[in-house]
Amino acid sequence: MEEARAQKSFPVKAKVKTKGRSQKRSPEWKYWSSFKTHQIPNLISVPSLTFSPTPPHTFAAAHSASLTLFSPQTLAPTATISSFSDAVSCASFRSDSLLLAASDLSGLVQVFDAKSRAPLRRLRSHTRPCRFVHFPRLDKLHLISAADDALVKLWDVAEETPIVDFLGHKDYVRCGDSSPVNSDLFVTGSYDHVVKLWDARVRDSKSSLHVNHGAPVQDVVFLPSGGMVATAGGNSVKLWDLIGGGKLVYSMESHNKTVTSICLGRIGRDSGEDSNQFRIMSVGLDGYLKVFDYGALKVTHSIRFPAPLLSVGYSQDCSTRVIGTSNGVIYASKRKVKQVEKEKVSESSLFWRIAPLERTEKKVLRPSHFRYFHRGQGEKPSEGDYLVMRPKKVKLAEHDKLLNKFRHADALISVLESKNPGNVLAVMEELVARRKLLKCVSNLDAEKLELLLVFLHKYCTSPRYSSLLMGFTKKVLEMRADEIRDSEALKRHVRNLKRSVEEEIRVQMSLQEIQGIISPLLKIAGR
Amino acid sequence: MISGGKNYVSSAPAFSNDGKRLLVCSGSTVSVFSTATGSLVSSLEGHSAPVTALVVCPASSSLLTYCWTASVDCTIRHWDFSVPECLKTLDLRFPVFSMVVPSLLSPREETDAKKRHDVFAYVSLQNDNANAKENCPKPSCGQIRKCNLTNFHAVSSLILKETERPESLTVSPSGKFLGIKDKRKLHIWKILKVDSNSAVSKKITLHHSKTITVLTFHPMERIVAAGDVTGRILIWRGFGAKKFLHSAGLVNGRSTNDEEDKPGVRENDDAESCSTWHWHSSGVRLLSFSSDGAYLYSGGKEGVLVLWQLDTGKKKFLPRIGSPLLYFVDSPDPSLSSISCADNQIHILKMPSLEIVRSISGIKPPLSHQDICEGFCSRAAFDYTSGLVAVQTQNYGIQFYSLFANRGLYEVQVCERNHQPVDEVTVVVSLVELSVDGSIMGTVEVKLPEDGFGGLVCLKFWDLDDNKRFSVSTHIYEPHRDAHISAVAFHPTRRMAVSSSYGGDFKIWVCKEEIQQKGQMLQNSGWMCHAVGSYKNKAMRAAAFSADGSVLAVAADTVITLWDPNNNVLVAVIGETPMPITSLAFVGKSDYLLSVCHNSKPQLSVWSMSKLTASWSYKHLQIEAVSCAIDLSYFAVLALLPDCIKGKLQGDGIILLFNVTDPIAVASWSVTKAIGGGLAFLKGDPSEPSQTLLTYINGDREYIIFHPFGKEAFELSTRRQDDLVFEETGQFGYTSIYGELPKLDLKRNLASSISSTASERPWETIFSGSSHMLPPLTKLCSEFLESLLEKRTPTVE
């Protein structure tokens, strides 16, 4: 027995695209791709990005001779500090976010009040450009800085004096981090390929431990346990076990240009088996952001940006991720927080304020209340219930509706305006199947013809669509030659079209040349 | 021998008196379907040629289940279709093309009950001899005659009308009038109350300017409606006022010659008025009044059933039936009716709402537009193991039809498009191929270009899903650029396929699942191109895998190229045939290859793979289809008979069975309608799986399954036990409104009252107790009688 009614509604669909084989939609992939990226343009190369450790997690971006604070909610600049004499290289918030330290290429380190942006202290001791400044995470009184004079200094902020100079690096010191578990331990990485672990209590300026990365160290980060560090340099990110005496644990080499910055990221989600796990996020000059799961030792996510990336930052509440590039654009990404999660938060806060006073017993719904008529609609089916599913409604786009009404030309125009070339092609194919495409074209007025010509100019040489569009373009030009000759605007489009066709022919010619070169080689290789 | 795949819509079906059965003419048998479930209940077998007419005897009681059938084999038979049994056979000596029995329809009057008249049938015959003798200038072989069914001697010699070819007869529901269409005229007879073989009926003729295709009578009034080829519907009211009524003594008030007051009626036609309705864009194919006479149903090629209100001309539609409509039949049950569609489907409609509740579906007919897309039409594909055939349908789908059970299983939609019968054909499913184990299907659809651009070839691979239905797994657009695909073949054991194109290359496709098996990773399967090959840029028209899958043979124009499919290496090139090879097949497990050429120099050649030379060949043999047994070294070909010997044998084709080593045919069978036919070896049905059966499907998709090595008369019974014949469980009358009444639980009631008495003598206690507690007597009766009968104790010996 077969279905009673033979015909259904079939919306016009774009051709199925081939899927990449490796792309697997893991829950983590979904998490990382739930960040929506915005661009903050018009800066000059952003070498450093830092988040304040307390809410609302404002972030500071160093660019040229100024430091700009951004609000993470709106991603708009809130304040700019520009009392620098040279380019700002690095900035750091104190653990309570009240102070902000910034270094510049003149070697000066300045400490600001994060609220009023008033310069409080000027720490001058470095003679060469200072590239690293950092407030220890568990210490509010001191400051670490390092400079191109190969010196690492520990400062007493209040007194404006360096307490200790740590000697030992043989080249520029460009990075460092303080231990998340001990207020006295910190590491620095230098261009002499060496990462050194320093102890502030040991004043003989000898490093407690050092490891050799094998390339100029660009960035170093303590992992949250405090027992491991991750170092970035060259094309690799390496994991070192400090407690085990500086043993190399793993080397992640999925970047293909220098890794410039790394930071810690966390999957800030309440559900899922990988919630609240930490990841290492690394950016490189190849424009890739890689998310590395150091538990499973594999790269779990990767995004490409169209510029060399210099710095990366991730807020502690897991809602914002910022990436600085060399061409002055900050890619700031915010995670879309689901409405439900937000409500949960607001409800729970309401609960604490009001709920205890309310009566706890449930009110019986009466037919006088409108909710009486909605009762039970939100009920979830239990385990053994037989579900009667509502037949799925086929979603029809505008052009589908028009096609169903046989308004072919309107459908073509509507889909041309929607800017999805796949759909345009699908509609064109449907019109061909109805033998109506040429008729549509002959009926288009000049304005709509322009729309069509713009589309043809854009896509007729694209290999996926060219098989239909080439022939179609030719037909359009033949049919509407007179109108095109009359209108200046249409003429311009045709010129563009001509140019793109010529370009394509050139590409084909050069490809053929290459094929001519390669094919004898392949013949020989095949033997 | 199993035959099936008959056409269900060759003539109008008929409902039984209770509306629970639908009788359908299917070839030389009449199939009885249940209207509640749509499944086959029984079939009336006896005629030896197609049944053309079916008349159910109306009766007040639904127990009477008699019908008359007429057939081209010159007989009329009387059946009891509930049993099913043939009661009477009348031999008319002329092929009958249409039959009506008006006297069955007319209401019985009191007088009739006393002196029963003979029942007369009006038949439309084909009489070839009559004209041969008289040597008429106009060959007219159709005749309309009377035939006494009760007291039959021979068909009456009185000829009511002669027509060019046998016309179908239409009778009014009241049984008073009989009509035929004859080109642009309608002839209507008034049927006599008391009929006899020689009595002449009165006749009127109505004229129209277009060829009339169908006519119907109003159930009560003197109204006749006719449809013509342009889609107009004409309604004559009060026809025959002059001729029929005057003579009957019912003088109507008007004088016979006032002609000014007959709107729309052509001069001298005997009708009071004629009105025209026009909605259909092409010829009207069905026309029927509703049983109360208030509505008129019409339908045509558009596949839309139109419901006209007779008084106002207002329309209601049942659109999207998807196929030209042929017949509309009302049932005695007012809530049911049926429409027959040209795609071999009968839809049962729930009446006031015009809703399709059931469909009875036969094998889908071959495409009617094959002339448009010459070379694109696909042959049926056979599933060797499960005995399925996959045929292409009009609405761009594939129907899977079980050959053993003779019923459609399901359909899959290849192109997501709706088919409108009136549309120009622009999309064709041009190839269907099933793998040997029936688990993979490949289809090719072609979008025909508009004015030279926009054509698209799409290859699709399908996998069986959990419900044992095919679902699409991979789309491949333009697999051979813009060249059309000539053949698709599957590897016998692995998930590998080859597609060859007219553009001069072939591609080997591999399912991704297999590639990843080495890494113990089974991902969602998709087909990928594994290799591309071509030979001197020659068009490749056929491809085949050997039985073990180690050799791939691809026909490159006139030579056969042999490839290693795994490494894509050309192994050998053999042959040279006079014409391009169009079909290739490896013969079972033997090392022989079969090739077929067409066109001006047709040839069937057998090539030896061990020697790489031709073994033997037949020239001038037009081969329509070939099939090779999987295990044996036999193969069968379906050849079209050349014109010179067509007269000597019946039919136009011949099936030849060869042993591959021997050029002399082992067996041969002559068949009809061989053009467009197919041939396949099948594994025997589950009861005897060792057998190999041969099936032949003809151009009209009627098929036959037989033992190729048997002595002809092996009777294979149609497998009907797995056809679960559901009995109707529909609810009627009271239960349909209020639901089932709870059954009176006799046992419990009785048990409570009997409990104290001895159980051996229940008849003494059944009626004890107060009378209002007793169940009704009718319910008690059986129980009481049962208790009186002595129970025999089961003896174990």
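Trainee: Hi! Where does A:Val415 sit?
Mentor: A:Val415 belongs to helix 4 of chain A, residues 408-418. Helices (H or I, at least four residues) and strands (E, at least two) are DSSP runs, numbered from the N terminus. Residues are numbered from 1 along each chain as its sequence is written, while chains are lettered from A and ligands numbered from 1 in the order in which they are written. This is a predicted model, where local features need pLDDT of at least 70, side-chain atom pairs count only at pLDDT 80 or more, and totals for chains, interfaces and linings use all residues; side-chain values use heavy atoms, leaving out hydrogens and water.

Trainee: Is A:Val415 buried or exposed?
Mentor: A:Val415 is buried, because its relative accessible area is 0% (buried is under 20%, exposed over 50%, partly exposed in between, with a 1.4 Å probe and protein chains only).

Trainee: What is A:Val415 in contact with, leaving aside neighbours within four places in sequence?
Mentor: Its partners beyond those neighbours are A:His399, A:Asn423, A:Val424 and A:Val427, where contact means heavy atoms within 4.5 Å.

Trainee: New topic: at what angle do helix 7 and helix 8 of chain A cross?
Mentor: Helix 7 (residues 446-459) and helix 8 (residues 466-479) of chain A cross at roughly 145 degrees, and their axes come within 11 Å. Axes are lines fitted to C-alpha atoms, for helices over the stretch in contact, and angles run from 0 to 180 degrees between N-to-C directions.

Trainee: Which residues make that contact?
Mentor: From helix 7 of chain A they include A:Leu449, A:Leu453 and A:Phe455, and from helix 8 of chain A they include A:Phe472, A:Thr473 and A:Val476. By class, the contact of these two helices has 10 nonpolar, one polar and no charged residues.

Trainee: Where do B:Phe177 and B:Phe239 lie?
Mentor: B:Phe177 lies in strand 15 (residues 177-182) of chain B and B:Phe239 in the loop between strand 20 and helix 4 (241-247) of chain B, so the pair ties together parts that are 62 residues apart in sequence. B:Phe177 is buried at 6% relative accessible area, and B:Phe239 is buried at 1%.

Trainee: Which residues form an aromatic cluster in chain A?
Mentor: A:Tyr31, A:Trp32, A:Phe35 and A:Tyr314 form one.

Trainee: Last topic: what is the strand order in that open sheet of four strands in chain A?
Mentor: The order is 1-28-27-26, with antiparallel pairing; two strands pair if DSSP finds at least two bridges between them. Strand 1 (35-40) and strand 26 (309-314) of chain A stand at the edges with a single partner strand each, so one side of each is left without a neighbour in the sheet. The twist averages 20 degrees from one strand to the next.

Trainee: How many bridges pair strand 26 with strand 27 of chain A?
Mentor: Five bridges, in the antiparallel sense, with strand 27 covering residues 320-325. A:Val312 has A:Ile323 in strand 27 of chain A as its bridge partner.

Terms used:
Ala, Val, Leu, Ile, Met, Phe, Trp, Tyr, Cys and Pro count as nonpolar, Asp, Glu, Lys and Arg as charged, and the others, Gly among them, as polar. Rings of Phe, Tyr and Trp (its six-membered ring) pair if their centres lie within 6.5 Å; planes under 30 degrees apart count as stacked, over 60 as edge-to-face and the rest as tilted.
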